[in-house]
Amino acid sequence: MQLRGSELIKPGKKFENEIIDYNLDKLPFEIFIFEGCTGNYTRDMHWHKDLEVFAVCEGELLFTLEKKRFMMQKGDVVILNPNEVHAIDSPKPNKAIVLQFPVNIFLAGKKEENVKEPFIWFSHGKNNADKKLVLIINFLHDEMCNKDRTDNFLAMSYFYEILFLMLKEYRLHEVDAGLLQNQNKIKKLTKLVTFMEDHYSENLTLNELADLFGYTPNYLSHMFRKYTGITFQSYLNNIRIEHIMFDIENSAEPIEKLAIIHGFANVKTLNRIFQKKYGMLPGNYRKNTKNLME
């Protein structure tokens, strides 16, 4: 005799309530407020391996991309492509939301096997879709800040809408051959820069890194100047200062201690470099930041 499903359940059987634990942090993107929101902020030439989207909500930001300068104002969007060398100037207080994610997210759902990372490039400058994209990025940021959020469904729906809009309105289907060549050269430096970011607090030297990655010191120095516009040492100092600025804004640690923790020989060296870059000492920067936050 064939039993029905309901007849398979024995009387008196106990059932346990299974609690499903949604990992709200396991998402394919990061979204946050731009760290230069208080103004008087400069980030020299650098690049990322991931895509980075800036949505300007208040104020203005000045971007330098491949020696071209773009003034971004409220309602504007700039998409920074993987390994695209850029700089950011933020002289006045502003609010911009930054969305970061790997470019291979665009391969999600494809059935092809052994597909290499795609070369996908997005346009710069004004676009009729900017306001819509800024709005959706705002929705995504608000959802991620929602303390009552119990799942990622709404957040992911916003994220996929952003991806669709980027492919439809911003993607370039034809790029210059010179761009491809530059990208290949930048990729060679990416591993080295990643190493610098992981070991910036150590006593790194140009000669040591050149030997470690199979370059001559002269060639490595030339590559840094060509693609970042600054020296190896300046690039390393910028990484250190970026970490120090974060700690100045978010901790009460003495400046002298932060200088040593983040790789400077002493606080005098930090003060000299910080003064030259921002026109003020780190201690004054801490006071100004504190006043803006109050």
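**Close-up views of a predicted model**

**View 1. The largest nonpolar core.** Among the 32 residues of the largest nonpolar core, Phe29, Phe101, Phe106 and Met166 touch the most other members. A nonpolar core is a set of buried Ala, Val, Leu, Ile, Met, Phe, Trp, Tyr and Cys residues joined through side-chain atoms within 4.5 Å; buried means under 20% relative accessible area, exposed over 50%, and partly exposed in between (1.4 Å probe, protein chains only). At least two residues of this core come from each of strand E3 (51-58), strand E6 (77-80), strand E8 (95-101), helix H1 (130-144) and helix H2 (153-169). H2 gives the largest share, 8 residues. Helices (H or I, at least four residues) and strands (E, at least two) are DSSP runs, numbered from the N terminus. Another core, of 27 residues, lies apart from this one and includes Val56, Leu61, Leu65 and Tyr278.

This is a predicted model in which local features need pLDDT of at least 70 and side-chain atom pairs count only at pLDDT 80 or more, while totals for chains, interfaces and linings use all residues. Residues are numbered from 1 along each chain as its sequence is written, and side-chain values use heavy atoms, with hydrogens and water left out.

**View 2. Surroundings of Phe29.** Leaving aside residues up to four places away in sequence, Phe29 touches Leu99, Gln100, Phe101, Leu140, Met144, Met156 and Phe159. Contact means heavy atoms within 4.5 Å.

View 3. Most residues other than glycine have a negative phi. Asn40, in the loop between strand E1 (30-33) and E2, has a positive phi near 50 degrees. Asn40 is partly exposed, with a relative accessible area of 29%. Asn83 sits in the loop between E6 and strand E7 (86-90), and its phi, also positive, is near 60 degrees. With 6% relative accessibility, Asn83 is buried.

**View 4. Confidence along the chain.** The mean pLDDT (the predictor's confidence in each residue, from 0 to 100) is 84 for the chain, and 83% of its residues reach 70 or more. Residues 1-10 have a pLDDT below 50, and this stretch has 2 contacts in the model beyond near neighbours in sequence. Residues 13-22 also have a pLDDT below 50, again with 2 contacts beyond near neighbours in sequence.
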